[in-house]
Amino acid sequence: MPTPSLAALPIRRLTLRDLTACADLSENRGWPREEHKWGFLLTAGKGYGIDDPDGGLVSACAVTEYGPHDRPSLAAIGMVLVADRHARQGIGRRLMRHIVSAMGTTPLTLHATPYGRPLYEELGFKVTGRAEMLLGRFLPGGPTPRIATRPATAEDLPAILRLDEEVFGADRTHIITRLPAFADQLRVAEEDGRIIGYTAAWPNMDTHVVGPLIARDTETAKALITSLAAHTDRRLRTDIDVRHEELLAWAKERGLASVAFNAVMTYGIGELPGDWSRRFAPLTVAAG
């Protein structure tokens, strides 16, 4: 259990003014600082944290809601961190209980590391899937993709939003409309003038993260990844649903190596909404 002094510290909403403190907390736990991602999460979603009387944050996390603003249909929890000096004192449990309570009847989802999974299971989260993190320098080769891809334009946005809601299963307009500013690349796959997939590559430290990745089928997903890789000299990182075995095998042939597995967990819902067969990778595991 937390010491009485820590247990009495209030949990508050975080803002962009807390960006440096969030990045410091990430670094404290051996994670990259990821200031670009923290900034996105704190503006597109809600941050929660506990201030350390000695400076900085004791703990922090981000919650991203989807669906109608006044009654979200799904919320993703991510970046759950506790400062090393306060670890194993029940702080993370207290913060997570606060989030679950604050979200009421809204279904929740998160990607859990093996380290964090026991806590989430204790709180009632169930494993409903798994994602494999890949990282590496993409190696060109193999058959040329037959699917046409191109940079997205402002005129594509309505079609992207329609496709995304259909596949994701909830409206995330407030996330997708931020992609042009957040990502270095936003590309679409097209057939007969119709958008059949889209993806983005956004900067995270020395890598480009591929996500979201929404595609009609595996061949379309391959074409989108190939097109992103052709326009960056950074290593690529992505988290692919393990049910997409063909895409995972292809990505490994193209130089991306398996780094880790995360459990996809849900609370208050049996499985995630939408069409998993066309949902290949999240924007970031922190936002679902």
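Phe168 is buried, with a relative accessible area of 6%; buried means under 20%, exposed over 50% and partly exposed in between, for a 1.4 Å probe and protein chains only. The model is predicted, so local features need pLDDT of at least 70 and side-chain atom pairs count only at pLDDT 80 or more, while totals for chains, interfaces and linings use all residues. Residues are numbered from 1 along each chain as its sequence is written, and side-chain values use heavy atoms, with hydrogens and water left out.

Phe168 belongs to helix 6 (residues 157–168); helices (H or I, at least four residues) and strands (E, at least two) are DSSP runs numbered from the N terminus. Not counting residues up to four places away in sequence, Phe168 touches Tyr66, Leu74, Pro273, Gly274, Arg279 and Gly288, where contact means heavy atoms within 4.5 Å. Gly274 is 106 residues from Phe168 in sequence, yet their C-alpha atoms are 4.7 Å apart.

Two arginines lie over aromatic rings, as the table shows. The rule requires CZ of Arg, or NZ of Lys, within 6 Å of the ring centre and within 35 degrees of the ring normal.

| Charged residue | Ring | Distance to ring centre |
|---|---|---|
| Arg172 | Phe168 | 4.0 Å |
| Arg243 | Trp276 | 4.2 Å |

Rings of Phe, Tyr and Trp (its six-membered ring) pair if their centres lie within 6.5 Å; planes under 30 degrees apart count as stacked, over 60 as edge-to-face and the rest as tilted. By this rule there are 6 aromatic pairs. One of them joins Phe40 and Phe182, whose ring centres are 4.2 Å apart and whose planes meet at 35 degrees, so the pair is tilted. Because Phe40 lies in helix 3 (residues 35–44) and Phe182 in helix 8 (residues 179–182), this pair ties together parts 142 residues apart in sequence. The rings of Phe182 and Trp202 are also tilted, because their planes lie at 35 degrees, with centres 4.9 Å apart. Both Phe182 and Trp202 are buried, and so is Phe40. Phe40, Phe182 and Trp202 form one aromatic cluster.

The largest pocket holds about 1200 Å³ of space. Of its 41 lining residues, Trp31, Val80, Leu81, Thr113 and Tyr115 are the closest to its centre. On a 1 Å grid over the protein atoms alone, a pocket is an open set of points where a 1.4 Å probe fits, with protein on both sides within 12 Å along at least five of seven lines; lining residues have an atom within 4 Å of a point. Strand 4 gives the most to this lining, with 6 residues.

Technical notes
Points joined across faces, edges and corners; volume = space filled by probe spheres on them.
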